[in-house]
Amino acid sequence: MFFKTVFMATLLAVAIAQGPRTCYKGLNGVGAGPINDCCQFINTFCNDASLTQTPVRIGDATSRCFNLPGGDRCDFIAYNTYNQGVSPSNANCKTVLEDIGSKCILLLDGTSMPWFAWGNGTGVNGSDDALQKTTLAIQNGINHIDTAQLYKAERETGEAIKRAGVPKDQVYVTSKLSWDADDQTVPLNEVRSRIEGSLERLGFIPDLYLIHNPFIAAPGDLKKMWQVFEDLKDEGKLKSIGVSNFRPQDLEAILDGAKHKPVANQLEFHPYVIAHLEPVLELQKKHRIVTQSYGTLTPLLRHPTGGPLKPVLTNIATRLSKESGELIDEAIVLLLWARSQGVVVVSTSGNPQRLKRYGEVARLPQLLTPADIELITTTGRTIHFRNYSEHMEKEFPLPNLPSQ
Ligand SMILES: NC(=O)c1ccc[n+]([C@@H]2O[C@H](COP(=O)([O-])OP(=O)(O)OC[C@H]3O[C@@H](n4cnc5c(N)ncnc54)[C@H](OP(=O)(O)O)[C@@H]3O)[C@@H](O)[C@H]2O)c1
């Protein structure tokens with residue numbers, strides 16, 4: 001109830017503050033500004049006679065971000081309601097609040113993705129469980145699913161979207177080219193067919209497709225592997241393309257002369273790894289590569305004591321709970337902190353109650369104050385603790401920080 005009230009109040013405030021709009025500066029977010037975490041749920045219709053009378057939704061993403069006149073923030077999620085190739089002129093446009101259930105982060109290729117994803121890589125146990133829980137996640141309003149070849153849940157992801165009765169264009173899907181077994185690489189001449197395998201299992205082209213880990217390419221092959229991704233994108237067989245667990249040297253290897261830059265790097269990301277990640281994050285900022293964050297709850301769930309952040313998160317959660325009269329726990333605070341960093345969060349839960357709450361969290365406005373965000377960041381930077389140490393710690397120097 002609280003979430004819904006805050007959410008609707010935010011929408012109303014935005015609508016009042018913005019008033020009626022005229023038309024867009026550009027379609028599909030092309031040339032749009034900084035990555036943001038504040039897209040609103042607004043659909044824009046134009047009554048220009050040169051445009052289609054009946055808005056036609058084209059494009060595949062659930063949402064598109066637009067840069068609007070007078071603002072350098074991409075603050076709209078809007079369907080492209082025009083016939084392809086027709087640009088809105090300075091016509092009479094009307095903005096209509098529409099809850100499409102997501103907030104989005106703009107990507108450098110002009111598309112955008114919902115900021116909160118539910119993953120079926122952890123927290124599920126086998127095929128039936130993956131199908132059941134992925135379906136439940138979508139039914140609870142989560143509109144971004146993270147999967148991978150490794151998780152053996154691509155078929156279940158496609159099936160879950162059907163079972164949930166939600167059109168595919170309302171669920172953003174990330175998948176990944178993975179390894180078969182630890183220490184095994186994917187031969188270059190199999191990259192294309194293995195990716196086609198993902199598409200066949202899913203039953204559609206995923207909105208975002210990643211190289212799961214730089215180590216799946218044999219030494220010296222990473223750039224060539226990325227070029228297969230680029231070719232497949234040019235052929236229309238992939239949409240947005242990106243990477244996961246890439247260190248600075250891996251990003252540099254593929255960025256050198258890249259036809260398409262990766263739009264995202266999926267990493268373990270939370271306050272206890274940001275000091276270590278600084279060189280990666282700097283490089284990503286320079287190229288506008290978005291972080292997708294997994295292991296976000298590590299400070300709470302996996303650090304042996306919770307470390308210095310625990311009391312900070314507890315205090316903020318207690319205050320927000322008191323202010324709202326609803327339970328805001330430390331996990332929600334951490335997820336909102338990640339969002340404040342312009343990051344797409346990938347979390348998971350097999351617990352039906354928590355899943356329901358995740359559906360609400362995905363729609364939450366930013367409850368944290370700038371002071372909360374700053375305190376979490378500075379406290380987190382005082383230690384280094386990583387859960388998935390198999391990633392990112394090889395040939396990437398650790399900061400000189402304690403782990404407690
Ligand atoms: N690219 C990669 O290499 C990579 C690596 C790891 C993960 N991933 C992706 O990221 C997804 C999430 O990964 P993760 O498990 O590391 O995410 P996480 O967000 O750090 O942890 C999720 C776990 O937290 C538990 N949880 C959530 N809220 C809680 C609360 N309030 N109190 C106690 N426990 C709580 C959930 O358990 P319950 O089920 O009990 O709710 C769930 O098992 C994976 O499924 C996968 O899609 C990608």
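Which helix and which strand each supply at least two residues of the shell around the ligand?

**View 1. The shell around the ligand in a predicted model.** The model is predicted, so that local features need pLDDT of at least 70 and side-chain atom pairs count only at pLDDT 80 or more, while totals for chains, interfaces and linings use all residues. Residues are numbered from 1 along each chain as its sequence is written. Helix H8 (298-301) and strand S14 (344-347) each supply at least two residues of the shell; helices (H or I, at least four residues) and strands (E, at least two) are DSSP runs, numbered from the N terminus. Of the 25 residues around the ligand, Gly119, Gly121, Tyr294, Ser347 and Ser349 come nearest, where a residue is near if its C-beta atom, placed from the backbone, lies within 6 Å of the molecule.

**View 2. The largest nonpolar core.** This core has 84 residues, and those with the most contacts inside it are Val333, Leu335, Val344 and Val345; its members are buried Ala, Val, Leu, Ile, Met, Phe, Trp, Tyr and Cys residues joined through C-beta atoms within 7 Å, and buried means that 20 or more other C-beta atoms, placed from the backbone, lie within 10 Å of a residue's own. Helix H10 (residues 330-340) gives the largest share of the core, 8 residues.

**View 3. Helices H4 and H5.** The axes (lines fitted to C-alpha atoms over the stretch in contact) of helix H4 (residues 188-202) and helix H5 (residues 222-234) come within 10 Å and cross at roughly 35°. The contact (C-beta atoms, placed from the backbone, within 7 Å) is made by Leu188, Val191, Arg192 and Ile195 of H4 and by Lys224, Met225, Val228 and Leu232 of H5.

Note on methods:
A residue is buried if 20 or more other C-beta atoms lie within 10 Å of its own, exposed if 12 or fewer, and partly exposed in between; C-beta atoms are placed from the backbone. Axes are lines fitted to C-alpha atoms, for helices over the stretch in contact, and angles run from 0 to 180 degrees between N-to-C directions. Two residues are in contact if their C-beta atoms, placed from the backbone, lie within 7 Å.
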